[in-house]
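This report describes the packing and the side-chain pairings of one protein chain. The sequence and the structure are shown first, and the account follows.

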Amino acid sequence: MANKLLIFGGTVVNDDQMLRADVLVEDGKITAIDPGLASMLSANTDGQMKTVDARGRLVMPGGIDPHTHMQLPFMGTVAVDDFYHGTKAALAGGTTMIIDFAIPNKQQTPLEAYHLWRNWADPKVCCDYGLSMAITSWNERVKEEMEALVRPDYGINSFKFFLAYEGVFMVNDKEFYQGLKQCARLKALARVHAENGSIIAEKQKELLTSGLTGPEGHTQSRPEEPKQQIGRVQLRNKRIVPFMLCML
């Protein structure tokens, strides 16, 4: 017997229109949207259907957040939201799926980071989730593991490259270029944190030497002109593979 849910009386919000309608869900899949569903089904229900009264409310698809960093270890800190609290908060706001970044440190391989993130996430998540893999170094093993990660067993279809955070996550130009070529070969999406990490590192030293240690130093260490230059370089690299700019 199908597991049925009827959401009735609400205003359905889709990308193309809003309309007053009822929504039928069977075994977790939306099978019908129609203004007259509730009246049609009431005469034929077997009493096994769960109903939700949505009158006066909006009924919309769950959101997907494609860029999260749950419990990320980063430069001596750890993100305050772990996979439990972060995804619980997401559901409270209508987000039903996240895509989190698995980010290996310089001593880890992508597969090691994948298993670490799965071990963190699987016992805690409250909603659906996927992973995007960061590439923080380059060698033949990284190249081979990228190929493994796009297989259905792992399900990774995007790889992120940091052009900032020198000595932590940042890749150099050669590593970035090789990674883009591998993404193209694997038909994977490249995602790019597009800043000039070397200039940022020098600006940070200057600001610290001048005595500026507050949060305002974050923006002051990131001048606009180098960021724009990096953006132009990334646009030229689109000839190698389509990519998404995550930060600019």
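The model is predicted: local features need pLDDT of at least 70, side-chain atom pairs count only at pLDDT 80 or more, and totals for chains, interfaces and linings use all residues. Residues are numbered from 1 along each chain as its sequence is written, and side-chain values use heavy atoms, with hydrogens and water left out.

Phe-83 belongs to helix α2, residues 83–92; helices (H or I, at least four residues) and strands (E, at least two) are DSSP runs, numbered from the N terminus. In α2, Phe-83, Gly-86, Thr-87 and Ala-90 are buried. These residues lie on the same side of α2 because they cover an arc of only 90 degrees around the axis, the arc being that of the directions from the helix axis to the C-beta atoms. The cover over the buried residues of α2 includes β9 and α3.

## Aromatic pairs

Rings of Phe, Tyr and Trp (its six-membered ring) pair if their centres lie within 6.5 Å; planes under 30 degrees apart count as stacked, over 60 as edge-to-face and the rest as tilted. The count by this rule is 9 aromatic pairs. Phe-83 and Tyr-129 form a tilted pair, with 6.1 Å centre to centre and 55 degrees between the planes. This pair links distant parts of the chain, since Phe-83 is in helix α2 and Tyr-129 is in strand β10, 46 residues apart. One aromatic cluster is formed by Phe-74, Phe-162, Tyr-165 and Phe-169.

A charged side chain also meets a ring: Lys-160 lies over the face of Phe-101, at 4.3 Å from the ring centre. The criterion here is NZ of Lys or CZ of Arg within 6 Å of the ring centre and within 35 degrees of the ring normal.

## Overall fold and nonpolar cores

The chain has 8 helices and 13 strands, and buried residues make up 40% of its 248 residues. Of the contacts (heavy atoms within 4.5 Å) with a separation of 6 or more, 67% are between residues 24 or more positions apart.

In soluble globular proteins, nonpolar side chains tend to be buried together. A nonpolar core is here a set of buried Ala, Val, Leu, Ile, Met, Phe, Trp, Tyr and Cys residues joined through side-chain atoms within 4.5 Å. The largest such core has 39 residues, and those with the most contacts inside it are Ile-103, Trp-117, Met-133, Ile-135, Met-146, Phe-159 and Phe-161. At least two residues of this core come from each of β9 (95–102), α3 (110–121), β10 (128–135), α4 (140–149), β11 (158–162), α5 (173–186) and β12 (189–193). Apart from this core lies another, of 7 residues, among them Ile-7, Val-12, Val-25 and Val-59.

Beyond its neighbours within four places in sequence, Phe-161 contacts residues including Ile-135, Val-171, Phe-176, Leu-180 and Val-192.

## Strand β1

Leu-6 lies in strand β1 and is buried, with a relative accessible area of 5%. The C-alpha atoms of Leu-6 and Val-23 are separated by 5.8 Å, although the two are 17 residues apart along the chain. Phe-8 is also placed in strand β1. The C-alpha atoms of Phe-8 and Thr-51, 43 residues apart along the chain, are separated by 7.4 Å. Not counting residues up to four places away in sequence, Phe-8 touches Asp-22, Ala-38 and Val-52, among others.

## Salt bridges

Side chains of opposite charge can pair when their charged atoms come close. A salt bridge is a side-chain nitrogen of Lys or Arg within 4 Å of a carboxyl oxygen of Asp or Glu, and the structure holds 9 of them. The table lists some of these.

| Salt bridge | N to O distance |
|---|---|
| Lys-4 and Glu-26 | 4.0 Å |
| Arg-118 and Asp-122 | 3.0 Å |
| Lys-205 and Glu-202 | 3.4 Å |

Lys-4 lies in strand β1 (residues 4–13) and Glu-26 in strand β2 (residues 18–26), so this pair ties together parts that are 22 residues apart in sequence. Lys-4 counts as partly exposed at 31% relative accessibility, and Glu-26 counts as partly exposed at 24%. Arg-118 is partly exposed at 30% relative accessibility, as is Asp-122, with a relative accessible area of 39%. Lys-205 and Glu-202 both lie in helix α6 (residues 197–209), 3 residues apart, about one turn of the helix. Glu-202 is partly exposed, with a relative accessible area of 43%.

Methods
Buried means under 20% relative accessible area, exposed over 50%, partly exposed in between (1.4 Å probe, protein chains only).
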